Each structure stands twice: as C-alpha cells, then as structure tokens.
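Subject: Structure handover

Hello,

Here is the structure we talked about. Please load it before you read on; my notes follow below.

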Amino acid sequence: MSVVYCHIFRRLISYNPYRKKSTTMPLKRVFFWQPNAGSTVNSQILNEVSQCVESINGVKEGRWKATLTFYKPMLRDQALSAEFPREFIGISLPEQPNKYYFVLRFNKIVLESDSSIQLIMEKLQSYKSRVALNFEGFQYQLGDFQLRVGKVVPSHSENLRGIVMEVEYLPISSLEKSKQIMEEFFDIWQDAISKRSLPGRFIHIEPDFSDYGLADHYTSQHTAVQYTHVTSQLIASVQAVQTGRN
Amino acid sequence: MECVVQGIIETQYVEALEILLQGLCGVNKERLRVHEICLKSGPNLGFVVSEVRLLCDLEQSEPTWTVKHVGGAMRGAGAEQISVLVRSMVESKASKNVLRLFYALGYKLDHELLRVGITFHFQRGAPITVTVSSVNKMLKLHATDEAVPVTPGIQLVEVTAPATSENYNEVVAAVSSFCEYLAPLLHLSKPGVSTGVVPTAAAAAASLMSDGGGTTL
C-alpha cells in the first residue's frame, strides 16, 4: 500500500477499546463478486479473498451464515401467475436469530417478523419454499470494522454460485454519515485485493432504501433488502456467463 | 396451541366482573384496543382457502402488529368431553408493512373488527389471559374511529392460555378451574357453543358492587 493509504488505513482501523460503541445497529454494505468476462467464480478466489483480509490484519472470529429462500405461490391455474409477486423472498440473518425477513423486491416491501412467521406460512399453504441459498463463511474483526466473507451455495449442494462480502462499520448507524469512511475503507481494500490479480472485483450497488420506506438509520431490514438485491445481481451475473457460453 | 373458552356478559355487569377479576388475578387490568383484520386467500391462491388475522394494538403509543394463524381444533372423543377448546394457534410479531405484504401476496380483506375493553394477564396453574371487550365493526374501511358495537349492551369475555401437545391437559384443567369462579356472572364455553347470559348475573354483580368483592359468591 502507498504511504498515504497506509496512513489512512491506520486511522480507519485504529481500535480504541474505550471508545463508546454505538448502542444502535451498526451499518453494513454487502458486496458481491463480479467475475471478469469469460471467467467464473471458484473456491480459489474465495481463499484469496480470505487471505487478503488476514493480510490487512483482519482477526478471524468465527463462522457466519445467512439463508435466503425463494417462495412460490401455490396456484390452481398457473396461467394467472402474473397476478402474484415475481419474487417473494424470506431471509434469516445471523445477527437476528429470532427474526425473519420477507422482501417483495418488485413491490418494494420489506417486513421484519418473529421467526414463527415461517410456521404461519407453512400452515397457510399458499406459498411454499422453492429454492434456498446459504451465504456462509468466516467473519473478521478489523478495528471498528467487521468483515464477513462468504460463499453462496444452494442449500442442498456445494456448488459455489457466488462470493459475498459484508463490510460493517460498528460506531455509526447513519447511512449518510458513514458514506465517506466506507468509501475510504473500500478504496484501501481494493488496493490490497488488486495486488492478487484476481479475475474479477467486488461490487456494491446500493438499493434505494427509501423506496422500501427505510430511513437513514440502519436496521436489519436494510440488510435484508441488500441481500435480496445482491442475490438478483448474482443471478443476473451467472445467467450472463451462461449466455456467453451458449 | 391454545386453550380457549368464551362467554358473553351484559355491559352493565362488566364493572362487577372487573372487581371479581381484580380479586382473583391479583394483577391490574390493562386497556385493550385491538384492530383485528381478517384476511382470506384470493380465489386462485392455494389449493385450499387460507385465513390469517392481523392484529394491530392501538393502545400502544406506536401501533404494533401481530400475525395470527388459528388452526383446527383438537378432535376425537377426548376433545368432545372437555369443556375447553384446544386448537392450533401460531403468532408472530411483525413490522408495520404486514398488511401491505399480505395484500401483495394475494390475500383479500374478509372482515375487520375493533375490540375495545380490558385484559388481565396472570399465572394460575398456567399463564392465563382474560379479555373483556366490546366487538365493534367499522362503517368505513379501516376507520377505527368510526366503529360501532356489533351487539350493543353485550360484551365478549374470552379466557385463553397457551398450551403444547405435552401439557394441554394441565392447561385445560387450570382454565376450567378458573372459569368456575366466574360462574355466578357468566358461563364460559367453547367458541361456537352459545350459552347466553346467566340468570344469577344481576345478583352476583350487585353483591360485588356493594362491597367491592369482599363477599364470597
């Protein structure tokens, strides 16, 4: 890293154990791995990314796992499927073990509920789980940042479909106030990862949270929306590769 | 799962019932104002019709929502012999978008009610909840400020307790035992089994009101 970046980096990750941590939800950005044209995601890239985190003094803390489920409507007449939501998604997050999140991406609706809502959906029998994706890997502490690096795999398969990375900044809950520091951190990260000459890069496309009625103050509902959008971007990316092959 | 009994009482005797419940439960009453929105799946959705209730607690400074699914009652000879209904029930707290979500999923409004009254939560062999409320209907969609009683002069009393398949017998016994104390004022039975008001209600209420519940009924 250049001298300037080293200075910024030390400031960014400087950890003061006596600094009062935010008592509200820290905010995070979820990135997904975009392979270069002609290349695909693989476990070697995942290993390189993890090593890169450790090379910038990320301390491995433990495992994490989030699950995203696609629900489909049970219809008596499939011809009427256009009347029902195209994407109805359920999400469980490791930081909220007693909660469950529903997102309707095209309707711009996000719901937070108790985990028992899943049992209610089963009893209603109107929507059923179709496909589930697991996001899982290791998390790392990096000063005031927490990073999670994870693979994206279907729930009953080990086929790697993607790689995600969460960057969480612990002291602040305001999306607006955290913009600059998050961008500075990502610049540092890009500098580090680029040295490994991997065939791709991490991308973050921030959803318009206000479309979902979400405010500047970050919550787990924001995270659920991010995972929904990242998944759609991952799917589009995989389909683009498959189209290219064909 | 939950155990449930219901009964009705004339509004003029509700104050006496409050005194009795206060004495029996040993806890203060809580005000109740719940907007209950009952949704049913649209014509093409699901191979069987499904119903779900959304409960909005209007008594809180910020309205809170609960999704509730009430399932089938326990069946069989054993179930018929007990005086308490045992049925499947699942609840989940939800954020304020829940009505929008279910409408978007294809659910339609079947009916809505506003329950206004009081509730007692206490422990007596099982965690029991007693609710005394007027059931009101809205003259305009979701207009809770313009609700009118479905049965003027009559209020609904509901006694419920959560149960599991392992302990429902104990819970049934606790609920049945508690209901006996209310017998002079009202008769409680399984929902759907109509019993009307009890003839001793007037005398029992007068007794309670005259000495604040000190007299044993």
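At which residue does H4(A) bend, and by about how many degrees? The bend is at A:Ile181, and it comes to about 30 degrees. Keep in mind that this is a predicted model.

First, the helix. H4 of chain A covers residues 175–194, 20 residues in total. At 1.5 Å a residue that should span 28 Å, and the end C-alpha atoms lie 26 Å apart, so the two values agree. A:Ser174 caps the N-terminal end of H4(A). One of its side-chain oxygens sits 3.4 Å from the backbone nitrogen of A:Glu176.

A:Ile181, where the helix bends, is also buried. Other buried residues of H4(A) include A:Leu175, A:Ser178, A:Met182, A:Phe185, A:Ile188, A:Trp189 and A:Ala192.

Next, the contact between the chains. Chain B gives 28 residues and chain A gives 31. About 2,500 Å² is buried between them, and carbon and sulfur atoms give 64% of that area. In chain B, B:Asn44, B:Leu101 and B:Leu105 lose the most area to chain A. Together they make up 25% of what that side buries.

What about polar pairing? The count of salt bridges between chain B and chain A is 0. The rule does find 13 residue pairs in polar contact across the interface, both residues at pLDDT 80 or more. On the chain B side, the elements giving two or more residues are strands E3 (51–57), E4 (64–73) and E5 (85–94), plus helix H3 (98–105).

Best wishes

Technical notes: Residues are numbered from 1 along each chain as its sequence is written. Chains are lettered from A and ligands numbered from 1 in the order in which they are written. This is a predicted model: local features need pLDDT of at least 70, side-chain atom pairs count only at pLDDT 80 or more; totals for chains, interfaces and linings use all residues. Side-chain values use heavy atoms; hydrogens and water are left out. Helices (H or I, at least four residues) and strands (E, at least two) are DSSP runs, numbered from the N terminus. The expected span of a helix is 1.5 Å times one less than its number of residues. The bend at a residue is the angle between axes fitted to the seven residues ending there and the seven starting there. Buried means under 20% relative accessible area, exposed over 50%, partly exposed in between (1.4 Å probe, protein chains only). A polar contact is a pair of N or O atoms within 3.5 Å; within protein, one must be able to donate a hydrogen and the other to accept it, and residues adjacent in sequence count only if both atoms are side-chain atoms. Contact means heavy atoms within 4.5 Å. Buried area is the accessible area (1.4 Å probe) that two parts lose on being put together, summed over both. A salt bridge is a side-chain nitrogen of Lys or Arg within 4 Å of a carboxyl oxygen of Asp or Glu.
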